Amino acid sequence: MTDLAKIPGYAETKEAHGETTVVVARDSIRAACAYARDELGYAFLADIVATDYLDWSGKGVSGYIGTATGRDLNLPMTQGLQALPEAKPARFSLSYHLLALRQGAPRLRLQCWLDDGDTVDSVVPVWPAADWFEREQYDLMGIRFDGHPNLARLLMEDDWEGHPLRKDYPIGGEPVRFSAAE
Amino acid sequence: MSATIQNTGRTRRWPIVGEPPYEGTRIPSRVPTVLDVPPVLRETGDVLQVNFGPNHPSTHGVLRLIVDLDGELVVGLSAVIGYLHTGFEKNMEQKTWWKAITYPERIDYVGYQNNELVFVLAIEKMLQLEVPEKATWMRMLLCELNRIHSHLVYLGTSALELGAISMFWYCFRERETILDLFELVTGQRMHTRYFQAGGLAEDIPTGFYPEARKFVEWMPHALDDYLTLLDRNQIWLERTKGVGLLSADDAIALGQSGPVLRASGVDWDLRRDQTYLAYDQVDFKVPVYTGCDVYDRYRVRMDEMAESVKIVRQCIDRLERMEGQPWITDDRKVVLPPREELHTSMESLIHHFKIVTEGYRVPAGEVYVAIESPRGECGCYVVSDGGPKPWRVHFRAPSLAALQATATCAHNTLIADLIAVVGSLDAVMGDTDR
Amino acid sequence: MVTRLRDHGLQSERLLWPTKGPSRFEEELGVEELEQALGMTTLEKAVRWAQTKSMWPDTFGLACCAIEMMSIVGARYDLARFGMEAFRSSPRQADLLIVSGRVSHKMAAPLRQIYDQMLEPKWVIAMGACASSGGMFNNYAILQGVDRIVPVDIYVPFCPPRPEALMEGIIRLHEAHLAGVPPAYERKQVAT
């Protein structure tokens with residue numbers, strides 16, 4: 001565990017649901033990934049995921065909270081003011097899911113936080129598998145990766161405008177009466 | 001930055017078997033997923049650019065390959081995907097947790113129950129639900145049947161593309177039996193939507209076990225049929241041996257998993273190494289081959305089918321002793337009450353109403369769950385804000401990683417070999433594009 | 001109204017027995033029965049029959065419905081008994097476009113191009129909910145129904161349709177064509 005603190009740009013460690021998340025600074029993500037691959041042995045890049053936390057703390061969560069923690073039957077119908085999700089440091093989180101191919105299959109999530117317009121170093125020199133993963137996140141979330149050899153749209157058409165998976169992008173499709181979709 | 005950051009040498013610690021077929025790495029360095037035509041050849045040679053358009057005779061779905069040919073030799077390759085991008089992830093953010101379970105199945109539409117399983121496992125991990133034993137074993141049984149189904153579709157379509165057309169009908173004959181079993185249990189042939197957060201949607205119907213046993217008794221004979229047709233067929237051997245080489249180092253660098261990784265000599269299977277469901281209680285072998293070519297990927301999948309039959313047999317034996325046990329957890333805040341209770345119990349009625357209309361709420365947090373789908377590591381990353389709908393769902397598609405390896409596998413291949421290579425990577429476009 | 005041959009002015013010539021009166025041939029046989037008995041038909045009907053018995057589909061499998069479409073080529077739901085197992089890869093040689101699967105906006109242009117390359121007469125079956133109406137994917141990426149860009153003859157619902165359902169759709173298309181219903185591009189007056 002103390003090895004994790006030596007990751008370049010280390011900020012904090014979070015443990016939840018049996019998973020370890022290490023938050024690193026955005027500028028040193030490439031060095032952190034190289035360290036994780038070389039020193040800690042996480043040779044397999046499973047995925048790169050970006051999450052948009054726009055309006056995260058805006059909506060409260062009320063009523064029946066699901067099972068494990070957070071169930072508060074003594075305050076029903078509080079209309080969202082009883083439990084607010086904790087605020088996030090920035091708008092986007094970028095998670096790198098890593099796996100070490102050894103006994104016990106240890107997994108690690110390297111996470112960095114960035115705002116709209118910030119760029120991150122591409123980790124294609126560390127894992128070539130990151131090529132399309134990063135292109136997909138650029139296409140759908142609009143996060144630019146510095147040093148990516150071919151940062152172009154992957155899933156949407158080349159001339160598509162906007163980044164569909166962002167929270168301020170509408171769901172699209174045709175309007176349907178009495179639909180719950182926003 | 002074009003050069004790869006070199007390994008310090010201490011990192012090559014993965015369970016490898018055998019010697020690599022080539023030295024160093026053959027990943028095209030500028031862009032890993034593109035094979036560039038050498039500039040000399042482009043100026044002096046006669047390079048023809050051919051478009052394997054999104055609609056093409058081979059049965060992979062809507063994959064577009066832009067191939068540069070020097071005669072019949074492939075000198076340049078790049079893939080264009082996105083023709084089946086469906087926006088699953090955004091759609092799932094609009095639905096409640098329960099309704100969102102219908103979506104993941106359509107992602108990998110050949111190994112559909114694995115995608116469903118991974119999403120349901122993610123919900124259960126965040127809710128910390130305890131799934132009853134019967135549900136775990138039945139999920140394992142259905143996922144292994146689905147693995148056989150997926151490999152049958154792979155075998156039938158790959159052989160069809162290479163000219164062994166009869167294999168298609170042989171494989172689909174067994175596939176129909178598997179789909180009959182799915183229909184018997186769940187009511188649907190494909191996209192069964194049988195897994196629920198907490199267990200299974202319904203109890204296992206009577207009459208399933210004898211039918212499943214009949215299938216399990218027959219399947220090894222069917223596998224013998226396939227081996228008879230293909231395994232010593234000179235044309236098949238010449239078209240698949242030594243084609244599409246991918247060493248273990250390159251495979252791991254490119255994020256390969258599943259049969260492609262195991263055919264490259266890396267002994268890694270999430271069912272055994274990161275056990276989920278009840279895989280530690282069944283006895284099965286993990287086939288690993290060292291040839292790193294199309295033929296070995298075919299052999300890995302054939303052996304995996306035989307091992308899956310063994311697992312299914314063990315699951316049936318175990319499940320038959322669990323008659324009468326619950327098939328879903330009894331946490332009523334998440335699971336619907338049985339219908340009979342709605343007539344008598346007020347609490348049941350209210351819970352039913354709240355769960356169906358508003359949906360159960362999953363505590364805030366993020367999880368990443370990965371399982372071994374027929375294509376490799378299929379993962380699901382879920383972020384919840386504590387509300388009734390997912391905040392972010394992302395699926396790690398093994399097919400996307402597999403297609404990234406096309407350029408590396410396609411060194412010195414003829415155009416006919418390219419078909420074999422793309423078939424052996426077994427990419428499902430729904431999984432790639434999501 | 002059943003027409004008899006005598007209504008069409010047929011009169012047998014009686015040379016040996018002029019006073020006998022009309023024969024049973026003229027009074028009882030109708031045109032349709034005579035056609036069936038002697039195997040006579042109009043050219044249009046014959047051509048339509050031939051087209052129905054060998055309507056070759058195009059390999060346009062997109063997503064999950066494509067797997068069920070491959071199922072009907074399999075041995076259990078045998079499509080070869082309709083003469084349709086020859087899936088042509090080239091749209092120039094295909095008569096029937098079974099759009100099986102969800103069509104994204106990126107794929108819509110190739111779909112229209114394939115449809116344009118097919119030669120008349122051509123039919124389109126929208127297989128599955130996604131091709132018929134966008135299915136469960138009402139979002140930015142999926143075309144809400146393939147009939148927005150190509151004229152559709154038959155819609156086969158469900159997700160994915162059972163092979164028997166697709167076969168029902170195909171048989172209804174055959175029956176419609178035999179009965180003289182023109183293909184969708186004529187009915188909807190779409191430029192092809």
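Chain A holds an open sheet of five strands in the order 1-2-5-4-3, with mixed pairing. The model is a predicted one, so keep that in mind as you click through it. At the edges sit strand 1 (10–16) and strand 3 (44–52) of chain A, each pairing on one side only. From one strand to the next, the twist averages 20 degrees.

Inside the sheet, strand 2 (residues 19–24) and strand 5 (residues 107–114) of chain A run parallel and are joined by three bridges. To find your way there, look for A:Val22, which stands opposite A:Leu110 in strand 5 of chain A.

| Helix of chain A | Strands of chain A touched | Angle between directions |
|---|---|---|
| Helix 1 (residues 29–38) | strand 2, strand 4 (92–99) and strand 5 | about 175 degrees with strand 5 |
| Helix 2 (residues 130–141) | strand 3 and strand 4 | about 10 degrees with strand 3 |

Now for chain B and a helix pair. Two packed helices are described by the angle between their axes and the distance between the axes. For helix 5 (residues 133–162) and helix 6 (residues 166–186) of chain B, the axes come within 8 Å and cross at roughly 160 degrees. That angle is over 145, so helix 5 and helix 6 of chain B count as roughly antiparallel to each other. The crossing of helix 5 of chain B past helix 6 of chain B is left-handed.

Who makes the contact? Helix 5 of chain B brings residues including B:Leu145, B:Ile148, B:His149 and B:Gly156, while helix 6 of chain B brings, among them, B:Met167, B:Phe168, B:Glu174 and B:Arg175. Sorted by class, this contact of helix 5 with helix 6 of chain B has 13 nonpolar, two polar and two charged residues.

On to chain C, where strand 1 (residues 96–100) and strand 2 run parallel, joined by five bridges. C:Val99 stands opposite C:Ala126 in strand 2 of chain C. Is strand 2 (residues 123–127) of chain C mostly covered or uncovered? Mostly covered: five of its five residues are buried. In a regular strand the side chains alternate between the two faces of the sheet. In strand 2 of chain C, both faces are covered, with C:Trp123, C:Ile125 and C:Met127 buried on one side and C:Val124 and C:Ala126 buried on the other.

Lastly, chains A and C meet. Eight residues from chain A and seven residues from chain C take part in the contact. On the side of chain A that touches chain C, four residues are nonpolar, two polar and two charged.

How values were computed. Residues are numbered from 1 along each chain as its sequence is written. Chains are lettered from A and ligands numbered from 1 in the order in which they are written. This is a predicted model: local features need pLDDT of at least 70, side-chain atom pairs count only at pLDDT 80 or more; totals for chains, interfaces and linings use all residues. Two residues are in contact if their C-beta atoms, placed from the backbone, lie within 7 Å. Ala, Val, Leu, Ile, Met, Phe, Trp, Tyr, Cys and Pro count as nonpolar, Asp, Glu, Lys and Arg as charged, and the others, Gly among them, as polar. Axes are lines fitted to C-alpha atoms, for helices over the stretch in contact, and angles run from 0 to 180 degrees between N-to-C directions. Helices (H or I, at least four residues) and strands (E, at least two) are DSSP runs, numbered from the N terminus. Angles under 35 degrees count as roughly parallel, over 145 as roughly antiparallel, 65 to 115 as roughly perpendicular and the rest as oblique. A crossing is left-handed if the near helix is turned anticlockwise from the far one by less than a right angle, and right-handed if clockwise. Two strands pair if DSSP finds at least two bridges between them. A residue is buried if 20 or more other C-beta atoms lie within 10 Å of its own, exposed if 12 or fewer, and partly exposed in between; C-beta atoms are placed from the backbone.
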